[in-house]
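Biologist: I'd like to talk through this model with you. Could you put the sequence and structure up first?

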Amino acid sequence: MTAPATSPIGSAVGRLLAVFDTVGEAEAARTALISAGTESERIEIRTGPAAAAAFAAGAGRRGWRGRLFRVIELTWADQATDFAWYEAAVREGHTVLSARVRGQPAIRSVADIVVTNGGHFINHFGWFETQELARWRGPEPDVPAFVRR
């Protein structure tokens with residue numbers, strides 16, 4: 001399912017997020033995940049510049065309070081720096097797939113399928129940590145220097 005472009009992704013807990021260079025690659029991964037047993041409603045595809053809002057820290061917050069919240073969120077929350085990369089990725093023409101998955105065997109299986117179909121910058125977000133499953137491949141997106149790895 002391609003998610004509504006501007007609806008926030010919400011909490012990343014329990015999600016595996018991956019970047020694809022094309023929508024076709026993401027759709028192929030989605031099809032493969034469903035064939036492997038992942039329920040279709042647990043998979044979302046975000047694409048196009050409007051989708052960047054889904055990953056924006058402090059989404060819905062405006063003005064100086066919104067900017068302050070974003071600075072705090074980017075320095076405090078483990079996942080916030082990765083969200084800056086996903087936000088930049090969709091702004092620059094990439095596609096992001098989100099799959100809600102839990103348990104190490106399932107996470108590994110989903111990550112393997114995603115990689116096989118061209119996914120990169122794959123992270124799984126838990127309650128207390130983010131698992132980096134694959135690094136960014138290719139030219140990096142335009143993100144602030146303080147969120148670069």
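**Rings and a helix face**

Modeller: Take Tyr86 to start: tyrosine 86 has 0% relative accessibility and counts as buried, where buried means under 20% relative accessible area, exposed over 50% and partly exposed in between (1.4 Å probe, protein chains only). Keep in mind that this is a predicted model, where local features need pLDDT of at least 70, side-chain atom pairs count only at pLDDT 80 or more, and totals for chains, interfaces and linings use all residues. Residues are numbered from 1 along each chain as its sequence is written, and side-chain values use heavy atoms, with hydrogens and water left out.

Biologist: What is the angle between the planes of phenylalanine 83 and tyrosine 86?

Modeller: Rings of Phe, Tyr and Trp (its six-membered ring) pair if their centres lie within 6.5 Å; planes under 30 degrees apart are stacked, over 60 edge-to-face, the rest tilted. By this rule there are 6 aromatic pairs. In the edge-to-face pair of phenylalanine 83 and tyrosine 86, the centres are 6.5 Å apart and the angle between the planes is 85 degrees.

Biologist: Within what arc do the buried residues of helix 1 fall?

Modeller: Helices are DSSP runs (H or I, at least four residues), numbered from the N terminus. In helix 1, Ala26, Ala29, Arg30 and Leu33 are buried. Taking directions from the helix axis to the C-beta atoms, the buried residues of helix 1 line one face, because they fall within an arc of 105 degrees.

Technical notes. Helix = DSSP H or I, 4+ residues; strand = E, 2+ residues; numbered from the N terminus.
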